[in-house]
Amino acid sequence: MKTYSIFFYLLFLMAMQVEVQAQNKENSRGRVTIPLEHGSDHPGRRTDDAMDHWRSHGLGQFIHWGMYSIPGGEWNNKTYTGASEWIRSWKDMPNADYDNLYKQFNPKGFDARQWARMAKEMGAGYMVFTTKHHDGFCMWPSKYTDYTVANTPYKKDIVKQVVDAYTAEGIDVHLYFSVMDWNQGGWLYQYPKTDEERAKWEGFKQFTRNQIFELLENYPQIKGLWFDGTWDNSWVSECEFAHELEREIRTKHPDIIIGSRFRPDEFGNRQYDANGDLIGDYDQSWERDIPTSIEQLNGNDWDCGMTIAENGWGYTKNPTSYVKTPYELISMISECNSMGGNFVLNFGPDGNGAMPPREVHIAAEIGRWMKTNGTAIRGVDPVTDIRKQGWGFMTKKGDKLYLHVYNKPLNNVLRIEFGRKTYVPGVVKMLGGMPLQVTDAGRNKRNSRLFNIHLPEGAGANGPFVIEMQLIDNTGENDAYQQAHT
Ligand code: JFZ
């Protein structure tokens, strides 16, 4: 009797398995997946021109500018050590003080064309601008709230000036928009429980939708929306609303680029859905962070938003943390691009609209490097068929391989190792400089081809440098090193 029940139980389990498998479907990568209504809309990368163009930028500029730029991380002679754009949530700054800052917002030093020229000089292909951060203040004259630039002494539309100035410089504009809004009474952290909360929340959802469409209506030139403030339970429970809204946005603006932070799937997964497929067009989770290998990206597009200080995106009068050097930031540009990502460096203008001098200096230093080496950053692909080597990072474009050198060998001989039957070097030169001599350095035990690149004496004196190497196909090679018997 007992044996029989175990037998039937096993039979039941097997039947369940068959049932589950019947519901599953194969996704594009051939994995078994569960059916999702609000998961990824396109597992795998987008292949259209707009996305190709975005992918080709390599370097972007982020700008955080808002009412938090007035206190700049300080209030009543006290210094806030958190991110300066979060100062309103600091116990030492009363909300009422923060919420009245707009009455003094009159940035006489603001000149969008000057910012755009600085970004152009730096070598940025696109920029992301904060239209509304968590505080809810709108840098455009929104019809849906009074808490906007229209009600400051300044009055004029800032988003419009930024969009126009950058577009005129040939720099694509993406708009940052925080869904979380500390100024709107309808914003909730938790999913509504009472009728009153439900009514407020429904109102807030419509307000959010209205503002997003207002931005698309006002600034049709924009190329993307960079959403933020979407992590709370209230929004994470709105997979259907958010998905429908994303579809509507895409219908109105078919080329628009939206990252993985906007909407959750029906299980509340963010960035990646329950099947591990990316939600949205690119992975937005590498914030102030760089993957250790390209494998971690699962073939997805990605961006790395980076702060110059340790943390904190808005203007900070006196940074309390380490401030990155131009060298370190340039190295991050190479590193991100070697794994196919865009590096988006953040700037925080002060309450008067002026870029802090230390940030102007950083932009200029990056620009100096990009002028010579930008061809190894813009429009490049990651290198997946040559193993990573200790002197730095690699990118490629067609038959050109770029060697971004950050660790120069002491003997001035840079070794490159190609796998067997892959490539041998053609013409090799320093970007912005002379042709370089290359000599054959034999093979190693794996039959990898080794080459020595002879560096000129002063190489690296002005910072990191890039070697351009023409790749010659060597897949047909048939001689091999005679292995010793061990
Ligand atoms: C958010 C904001 O809170 C912050 O002020 C800034 O605007 C930044 C660009 O975005 O901060 C985040 C958001 C998400 C993560 C980390 C910080 N995240 O997913 O790790």
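At what angle do helix 6 and helix 8 pack, and how far apart are their axes? I started my notebook with that one. Before the answer, a reminder to myself: this is a predicted model.

**Entry 1: helix 6 and helix 8**

I looked up helix 6 (residues 195-218) and helix 8 (residues 239-252), and they pack at an angle of about 15 degrees, with their axes 11 Å apart. Angles under 35 degrees count as roughly parallel, so I wrote these two helices down as roughly parallel to each other. The crossing of helix 6 past helix 8 is right-handed. Next I listed who touches whom. Helix 6 brings K205, Q206, R209, I212, F213, L216 and E217, while helix 8 brings F241, L245, E248, I249 and K252. Sorting the residues of this contact gave me six nonpolar, one polar and five charged.

**Entry 2: helix 4 and its two partners**

Helix 4 (residues 112-122) packs against helix 10 (residues 357-373) at about 40 degrees, and their axes are 7 Å apart. That angle makes helix 4 oblique to helix 10. From helix 4 I noted M118, E121 and M122, which meet E359, V360, A363, I366, G367, M370 and K371 in helix 10. By class I got six nonpolar, one polar and three charged residues for this contact.

Then I turned to helix 5 (residues 158-168). Its axis and that of helix 4 come within 8 Å and cross at roughly 40 degrees. So helix 4 is oblique to helix 5 as well. Helix 4 passes helix 5 in a right-handed crossing. On the helix 4 side I found A112, R113, W115, A116 and A119, and on the helix 5 side Q161, V162, A165 and Y166. The classes here are seven nonpolar, one polar and one charged.

**Entry 3: the nonpolar cores**

How many residues does the largest nonpolar core have? I found 96, and the ones with the most contacts inside this core are M67, F129, I158, Y166, I249, F343 and I366. Helix 6 gives the largest share of this core, seven residues. Another core, of 23 residues, lies apart from it, and V428, L436, F451 and M469 are among its members.

I also picked out I158 to see its neighbours. Leaving out residues up to four places away in sequence, I158 touches W65, F105, F110, F129, M139 and V149.

**Entry 4: two positive phi values**

R288 has one, near 50 degrees. I located R288 in the loop between strand 9 (257-258) and strand 10 (303-306). N412 has one too, about 60 degrees, and N412 sits in the loop between strand 14 (400-405) and strand 15 (413-418).

Is each of them buried or exposed? R288 has a relative accessible area of 34%, so I put it down as partly exposed. N412 is at 12%, and buried means under 20%, so N412 counts as buried.

**Entry 5: G442**

Last stop: G442, which I found in strand 17 (residues 437-443). Its relative accessibility is 28%, so G442 counts as partly exposed. What does G442 touch, not counting residues up to four places away in sequence? I wrote down S448, R449 and L450. I checked one distance as well: the C-alpha atoms of G442 and N452 are separated by 9.6 Å, with the two residues ten apart along the chain.

Notes. Residues are numbered from 1 along each chain as its sequence is written. This is a predicted model: local features need pLDDT of at least 70, side-chain atom pairs count only at pLDDT 80 or more; totals for chains, interfaces and linings use all residues. Side-chain values use heavy atoms; hydrogens and water are left out. Axes are lines fitted to C-alpha atoms, for helices over the stretch in contact, and angles run from 0 to 180 degrees between N-to-C directions. Helices (H or I, at least four residues) and strands (E, at least two) are DSSP runs, numbered from the N terminus. Angles under 35 degrees count as roughly parallel, over 145 as roughly antiparallel, 65 to 115 as roughly perpendicular and the rest as oblique. A crossing is left-handed if the near helix is turned anticlockwise from the far one by less than a right angle, and right-handed if clockwise. Contact means heavy atoms within 4.5 Å. Ala, Val, Leu, Ile, Met, Phe, Trp, Tyr, Cys and Pro count as nonpolar, Asp, Glu, Lys and Arg as charged, and the others, Gly among them, as polar. A nonpolar core is a set of buried Ala, Val, Leu, Ile, Met, Phe, Trp, Tyr and Cys residues joined through side-chain atoms within 4.5 Å. Buried means under 20% relative accessible area, exposed over 50%, partly exposed in between (1.4 Å probe, protein chains only).
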